[in-house]
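This report looks at selected residues, strands and nonpolar cores of one protein model. Please keep the sequence and the coordinates at hand while reading.

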Amino acid sequence: MGLATSVVCLTPVLIAQPSASSILRSSVSSGSGQLSNHNLAQVFGEVRSAAGAVQMGATVLLFNRYDQQVRKALSNRDGRFAFDGLTPDIYSLRVSLASFVPALRRNFAVLAGTENLLTINLTTLFSNVELKTASLGDGRLITDDWKWVLRSSGATRPSLRLTSPSTSVTAPWFTDMTGVVRVSATPVGGSSRAGSSPGLPEPLGTAFAVESSMYNGAKVRVSGALGYNAINGLPSSAVRATYLAQREGRSGPQMSLTARQAYFPVGMGVQGTNGSPALRTAAVSVSDSITLLDLFKIEYGASAESIALFGRINYVSPFARLTYNLDGRGVLKLAYSSGSRPNELISGRNPAAGTDNAPAAIDQDLAMLATSPRITRRDNRATVERAKVLELAYEYSAGSRTYATSAFAEEVSNAAFLMSGNTDLAGEANLLPDLNSRGTIFNLGSYRSHGVSASVKQDLGQHLDLSIAVGRAGSLIADGAMLETLGSGDSIRSHIREAQRVWATAGLAGQIRSTGTHLAASYGWTDFRVLMPAHMSLTGQPNQQVGWNASFCQPLPRIGNMRMELSAELQNLLAQGYLTVGSSTGQNAVLTNTPRAFRSGFSFIF
């Protein structure tokens with residue numbers, strides 16, 4: 001065994017005397033009282049050297065079953081740490097300290113209503129972790145006392161340290177393989193959601209994703225999609241490959257390669273030649289993160305994309321986000337992007353994301369497959385919507401309630417919106433067929449927008465969340481004048497101006513524990529006579545919604561080792577937020593970025 005390898009032993013043992021855990025809790029918790037939720041579990045422990053000396057300042061990371069970090073702690077001056085309020089699940093633990101080899105234990109079970117005692121012995125050659133489980137007793141398990149760490153100690157908390165393993169570990173090339181196959185269907189006349197047009201046709205399509213861990217701990221995901229438009233039967237396809245490196249047991253740099261191709265409906269002069277696809281795109285993206293002084297986290301990356309449509313368009317889109325932990329007083333975030341929307345920073349996935357039935361990382365790749373560049377057409381030339389966004393947000397959690405506020409400013413060029421009705425007002429040279437509906441995509445030109453928002457999220461028990469958000473943001477309105485010139489995109493753009501509008505959104509999301517059903521519903525109010533551009537938050541804050549939206553995800557009985565689920569999403573059911581432009585001859589067209597739509601899908605998870 002090389003010096004860079006850790007050996008971890010985990011042994012669940014029932015503690016016969018409750019006082020054994022009480023002795024350890026007394027140094028990391030003060031006060032007493034009965035826990036309010038007996039279904040939650042606790043993990044606490046003690047870090048020592050092989051000689052038995054307590055180790056202060058050890059970094060203890062807790063990961064869920066998808067290797068996503070959920071908690072972080074530093075051992076106090078007595079070498080102790082604690083995590084409370086954990087839901088029953090499969091967890092992994094990593095303990096690291098300067099001059100010691102990190103200890104890593106994967107996939108140990110934490111049961112409901114239990115206290116789990118971890119004894120951690122760090123040495124220069126291997127680390128030993130033992131787990132003891134006890135029934136939940138009286139008194140609180142943890143207070144803020146465990147967070148106290150002598151930050152000025154350079155021996156236990158280096159500012160910057162680079163390490164390189166001296167040996168490699170022999171292991172199977174591919175392990176822990178997980179996959180999803182998803183079949184989706186939308187009734188004829190449905191439309192694409194905002195931000196994904198033109199994308200893969202959702203009326204009838206199949207998508208798949210497979211993830212596997214490699215011999216060196218890295219992960220590889222391969223996903224693809226093939227869809228056929230239910231209106232004209234034309235196909236579109238996409239494939240994506242992602243490589244996610246591991247750095248000391250944590251997620252490291254990520255690289256993705258995505259390619260798409262699509263056939264447009266007959267008309268408007270956008271068909272390919274000799275039966276070839278009219279639209280081809282290829283993109284490569286890289287992202288990484290770095291943590292400084294346990295206070296700052298910097299996420300950064302860029303994507304380079306090439307689009308073949310009426311010629312070729314090439315562009316690069318950088319992005320970055322800085323997160324500053326205020327040490328118990330909240331979190332401050334600052335984000336910036338230029339170009340296409342940085343999917344790596346934008347949060348928000350379908351209702352199944354993050355559940356046992358749909359791993360979040362796989363679901364995120366599938367969502368990216370359905371989100372292609374927002375391509376438009378202006379004076380018979382292809383253009384791509386690009387945005388410069390700067391956003392600042394502050395978030396603070398107090399018990400089961402989370403408060404957040406944010407402000408943003410963005411500058412958008414070649415804005416893409418869905419147009420329906422009499423499209424002769426814009427002219428063929430300014431329209432592009434929408435792959436997901438009978439509508440077309442119109443280039444509304446450039447605009448600037450800024451806004452502020454405030455939100456509060458309340459946990460109503462373990463399986464129900466209520467969120468309320470209000471804000472004021474830029475919107476687009478028509479001046480009321482009639483178009484005198486038909487077939488001119490500039491004529492329409494000249495009658496659109498910017499204005500500020502107030503918006504409010506209320507949402508309720510939860511799970512029916514007996515059936516495992518995930519339900520979510522929201523309603524977004526604003527001035528529905530205006531066109532409210534969709535600002536996708538880079539800091540994870542709630543986005544303004546338009547109209548009534550609902551979704552659900554229902555797990556189905558297993559077939560062997562394969563799980564299944566049924567999902568559906570209803571968007572803007574009241575058809576609100578449409579902007580009408582008209583001509584002096586009585587012709588009208590409607591612009592929107594949130595069309596009424598219904599989508600459903602069936603997933604196989606193995």
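Which residues of the largest nonpolar core touch the most other members? In this predicted model, that core has 24 residues, and those touching the most other members are Met 419, Phe 442, Leu 444, Leu 476, Ile 492 and Leu 531.

## Nonpolar cores

Leu 531 belongs to the group in the largest core that touches the most other members, and once neighbours within four places in sequence are set aside, Leu 531 is in contact with Phe 417, Leu 444, Ser 475, Leu 476, Gly 577, Leu 579, Leu 591, Thr 592 and Asn 593.

## Strand E25 and its partners

Strand E25 covers residues 440–443, with Thr 440 and Phe 442 pointing one way and Ile 441 and Asn 443 pointing the other, and all of them are buried. E25 runs antiparallel to E23, to which four bridges join it, and in this setting Leu 418 stands opposite Ile 441.

Strand E24, residues 431–433, is also antiparallel to E25 and is joined to it by three bridges; here Pro 433 is the residue that stands opposite Thr 440.

## Thr 376

Thr 376 lies in strand E19, which spans residues 375–378, and because its relative accessibility is 0%, it counts as buried. Its side chain makes a polar contact of 2.4 Å with the side chain of Thr 383 and another, of 3.2 Å, with the side chain of Asn 443, a residue of E25.

Beyond its neighbours within four places in sequence, Thr 376 is in contact with Ile 441, Phe 442 and Asn 443, and also with Arg 381, Ala 382, Thr 383, Asn 414, Ala 415, Ala 416 and Leu 432.

## Thr 242

Strand E13 (residues 235–247) holds Thr 242, which counts as buried because its relative accessibility is 3%. Although 21 residues separate Thr 242 from Arg 221 in sequence, their C-alpha atoms are 5.0 Å apart in space.

Arg 221 is also one of the residues that Thr 242 touches when those up to four places away in sequence are not counted, the others being Lys 219, Val 220, Gln 254, Met 255, Ser 256 and Asp 365. With Ser 256, the side chain of Thr 242 makes a side-chain polar contact of 3.1 Å.

Notes:
Residues are numbered from 1 along each chain as its sequence is written. This is a predicted model: local features need pLDDT of at least 70, side-chain atom pairs count only at pLDDT 80 or more; totals for chains, interfaces and linings use all residues. Side-chain values use heavy atoms; hydrogens and water are left out. Helices (H or I, at least four residues) and strands (E, at least two) are DSSP runs, numbered from the N terminus. Buried means under 20% relative accessible area, exposed over 50%, partly exposed in between (1.4 Å probe, protein chains only). A polar contact is a pair of N or O atoms within 3.5 Å; within protein, one must be able to donate a hydrogen and the other to accept it, and residues adjacent in sequence count only if both atoms are side-chain atoms. Contact means heavy atoms within 4.5 Å. A nonpolar core is a set of buried Ala, Val, Leu, Ile, Met, Phe, Trp, Tyr and Cys residues joined through side-chain atoms within 4.5 Å. Two strands pair if DSSP finds at least two bridges between them.
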